[in-house]
Amino acid sequence: MKSKRTSLADIAESLNVSKSTVSFVLNGKGKQFNISENTQKLILDKAKELNYVPNYFAKGLREGKTQTIGLVLADISNPFYSELSKAIQESLYEKGYSLFIVSTNDDSTMELKLIRDLILRSVDALIIAPCNGIPALKPVLDETPIPVVWVDRIGDEFADFVGVDNYMEAAMLVKRFSVKPKKVGILHPKRSDVMTIQLRIDGTKSACEKQSIPFELASLSDKHKDSVDRIKQMIDDGVDSFVALNNKVALHAINALNILKVEIPKKVRIISFDDSEAFSYFAPPVTALSQPVNGIGKETVERLMDRLKESTENRKHLMMECSFIERGSH
C-alpha cells in the first residue's frame with residue numbers, strides 16, 4: 001500500500017524542475033507560461049506514473065472557495081429529509097458543487113458541534129433545518145461570513161427561507177374530512193417542541209376551535225403496545241377522525257388501528273401531514289398532504305446561488321404550496 005499521497009514536490013524533484021512549473025502544467029497553464037511541449041509531456045506522464053491526485057481541498061482554500069455546501073438536517077431517517085437532501089444534492093451537482101450532509105437527530109448540542117465542523121471544513125455556504133433557535137445559533141454563525149439559507153424550519157427572519165406554511169396547511173386538513181368530525185385526534189411525535197410540529201399542532205387546534213369541533217392531543221411512541229392503547233382510549237373517548245402530523249406518526253396510528261381491527265374510513269378517518277410512498281399500498285390507501293419536496297430543494301439551491309454571488313437582493317421567505325392527495329382514508 002502506498003505510504004503517502006504524491007505531491008507536486010515529488011513530481012518536481014523526480015524531473016528536476018521547479019514546483020511552480022509542475023503546478024502550471026497540471027493546471028493546464030503550460031502554454032500560457034511558455035513551458036515546452038516536451039516538458040509538459042514529461043510532467044503529465046510522471047504525474048500519471050506516480051498516481052498523482054490533485055488536492056482540491058487545498059486548492060479551494062487557496063482560491064477562497066471549495067465548491068462544497070454543508071447541509072444540516074434534523075433527522076436523515078425521516079423520508080421527508082431523505083428526499084429533500086436528494087433534491088438539494090442533484091441541484092447542486094448540476095451547478096458544480098458537492099454536498100456534506102449531517103444529521104443532528106434534533107439534538108441541539110450536536111447541531112452546534114456539527115455546524116462548527118462544517119465551517120472548519122471551509123464549506124462555501126450552509127443550508128440548515130434548525131432545531132436550535134437563533135439566539136443559540138447566532139454565536140456560531142457569526143464566526144463565519146458564509147451565506148446561510150434556512151429550509152423547512154425558519155431560522156433568522158433576516159435570512160432566506162424556503163418551506164411551507166405549516167400552520168395554515170395543517171389547519172386546512174380539518175376541513176378535508178369527507179364527514180365533519182365529531183371529535184378530532186391530533187397525533188404528534190414524541191417531541192412536540194420541534195418548530196414545524198408545534199405550528200402544525202397550533203394550526204389543527206385553531207381549525208377545530210373555529211369549527212366548534214372537540215379535539216384531543218396525543219403523542220404516539222415507537223412502542224406498538226403504547227400506540228395501540230392510546231388509539232383505543234381516544235376512540236373510546238369519541239375520536240372519529242385523526243390528523244397525523246407527520247408520516248411516521250401516521251404509520252404508527254394505522255398499525256394500531258389495524259391491530260384493533262378498526263375499519264378505515266367506515267369507523268374512523270385519518271389524514272397524514274406528509275405523504276409516504278407506502279401510503280398508496282395500504283387498504284384503503286392513505287390520504288395525505290404532500291409537501292413539494294423537489295421544489296423546496298431546487299428553490300433552496302437557487303436562493304443559495306444568489307447569496308454566493310453576493311446578491312444585494314432582499315432576503316426572501318418563500319412559502320410553497322402543498323398538494324392534497326385524496327386516496328380514501330379520509
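Analyst: Ser-227, Val-228, Ile-231, Met-234 and Ile-235 are the buried residues of helix α10, where buried means under 20% relative accessible area, exposed over 50% and partly exposed in between, with a 1.4 Å probe and protein chains only. Seen down the axis of α10, these buried residues fall within an arc of 130°, so they line one face of the helix; the arc is that of the directions from the helix axis to the C-beta atoms. An α-helix has 3.6 residues a turn, so residues three or four places apart point the same way. Lys-225 and Asp-236, on the other side of α10, are exposed.

The model is a predicted one, in which local features need pLDDT of at least 70 and side-chain atom pairs count only at pLDDT 80 or more, while totals for chains, interfaces and linings use all residues. Residues are numbered from 1 along each chain as its sequence is written, and side-chain values use heavy atoms, with hydrogens and water left out.

Helix α10 covers residues 224–236, which makes 13 residues. Helices (H or I, at least four residues) and strands (E, at least two) are DSSP runs, numbered from the N terminus. From its first C-alpha to its last, α10 reaches 18 Å, close to the 18 Å expected at 1.5 Å a residue; the expected span is 1.5 Å times one less than the number of residues. After α10 comes Gly-238, with a positive phi near 105°.

The cover over the buried residues of α10 includes β6 (184–188), β7 (215–219), β8 (241–244) and α11 (247–259). With α11, the axes come within 9 Å and cross at roughly 75°. Axes are lines fitted to C-alpha atoms, for helices over the stretch in contact, and angles run from 0 to 180 degrees between N-to-C directions. α10 and α11 are therefore roughly perpendicular to each other; under 35 degrees counts as roughly parallel, over 145 as roughly antiparallel, 65 to 115 as roughly perpendicular and the rest as oblique. Among the residues that make this contact are His-224 and Ile-231 of α10, and His-252 and Leu-257 of α11. Contact means heavy atoms within 4.5 Å.

Beyond α11, the chain has a loop between α11 and β9 (269–273), and Pro-265 lies there. A cis peptide bond, with omega about 0°, joins Ile-264 to Pro-265. Pro-284, in the loop between β9 and β10 (287–290), is joined to Ala-283 by a cis peptide bond as well, again with omega about 0°.

Ser-212 is not a glycine, yet its phi is positive, about 55°. Most residues other than glycine have a negative phi, and most peptide bonds are trans. Ser-212 has a relative accessible area of 67%, so it is exposed.

Helix α9 (residues 195–210) also contains Thr-204. Thr-204 counts as buried because its relative accessibility is 0%. Not counting residues up to four places away in sequence, Thr-204 touches Ala-170, Ala-171, Val-174, Ile-186, Val-243 and Leu-245.
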